[in-house]
Amino acid sequence: MPLSMTKIAFGATSVGSLRQWIESHASIGEARLTTRYLPKRHEEMVGGSLYWIHNRAIVGRSPLIGFMDNGQGRIWIRIEPRLIAVQSIPRRAHQGWRYLEAADAPADLGEGMSEAEAMPAEMLGELARLGLV
């Protein structure tokens with residue numbers, strides 16, 4: 001099973017604004033994020049996804065295309081220009097990115113479902129604390 005990663009949706013004011021930014025790169029076929037280092041486990045990430053954290057919850061994922069040196073001493077994280085809604089689960093903020101094993105990754109939501117955008121992070125955290133998520 002492929003390895004994935006989590007990353008904070010820095011600068012996104014909502015899940016909708018995150019989706020808009022990601023999809024705005026569709027004309028070039030990929031969106032790119034900059035990071036300092038190539039993940040040591042990058043070969044395990046073929047077929048994985050980048051899971052987005054917004055308001056202390058994982059809200060969606062973008063399939064990983066790969067990694068590429070940007071020529072300025074940094075690495076581009078290359079993702080497909082689409083955001084797939086997932087079942088929101090609480091997740092603390094962190095700097096950079098973190099690995100996410102397939103067994104710990106949230107399930108995708110069905111077509112047309114927008115639960116990830118609707119449920120506040122505080123509610124998700126309380127449901128998780130009660131063992132209901």
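This tour goes from the whole chain to strand S3 and then to one residue in it, Ser49.

The model is predicted: local features need pLDDT of at least 70, side-chain atom pairs count only at pLDDT 80 or more, and totals for chains, interfaces and linings use all residues. Residues are numbered from 1 along each chain as its sequence is written, and side-chain values use heavy atoms, with hydrogens and water left out.

**Whole chain.** Show the protein as a cartoon. Three helices and seven strands make up its secondary structure, in the order β-α-β-β-β-β-β-β-α-α from the N terminus. Helices (H or I, at least four residues) and strands (E, at least two) are DSSP runs, numbered from the N terminus. Of the 133 residues, 40% count as buried, where buried means under 20% relative accessible area, exposed over 50% and partly exposed in between (1.4 Å probe, protein chains only). Switch to a surface: the protein exposes about 7,900 Å², and carbon and sulfur atoms supply 51% of that. Accessible areas come from the Shrake-Rupley method with a 1.4 Å probe; for residues, only the protein chains shown count as cover. Among contacts (heavy atoms within 4.5 Å) between residues at least 6 apart in sequence, 67% join residues at least 24 apart.

**Strand S3.** Select residues 49–54. Six of the six residues in S3 are buried. With side chains on, Ser49, Tyr51 and Ile53 point one way, while Leu50, Trp52 and His54 point the other.

**Neighbours of S3.** S1 and S3 pair in the parallel sense over four bridges; two strands pair if DSSP finds at least two bridges between them. Ile8 stands opposite Ile53 here. His54 has Ala57 in S4 as its bridge partner. Two residues lie between the strands of this hairpin, and Asn55 takes a positive phi near 50 degrees.

**Ser49.** Centre on Ser49 and show what surrounds it. Is Ser49 buried or exposed? Ser49 is buried, with a relative accessible area of 4%. Leaving aside residues up to four places away in sequence, Ser49 touches Leu3, Ser4, Met5, Arg61, Ser62, Pro63 and Leu64. From that set, pick Arg61: its side chain makes a polar contact with the side chain of Ser49 at 2.8 Å. A polar contact is a pair of N or O atoms within 3.5 Å; within protein, one must be able to donate a hydrogen and the other to accept it, and residues adjacent in sequence count only if both atoms are side-chain atoms. Last, select Ala105, 56 residues from Ser49 along the chain; the C-alpha atoms of the two are separated by 9.5 Å.
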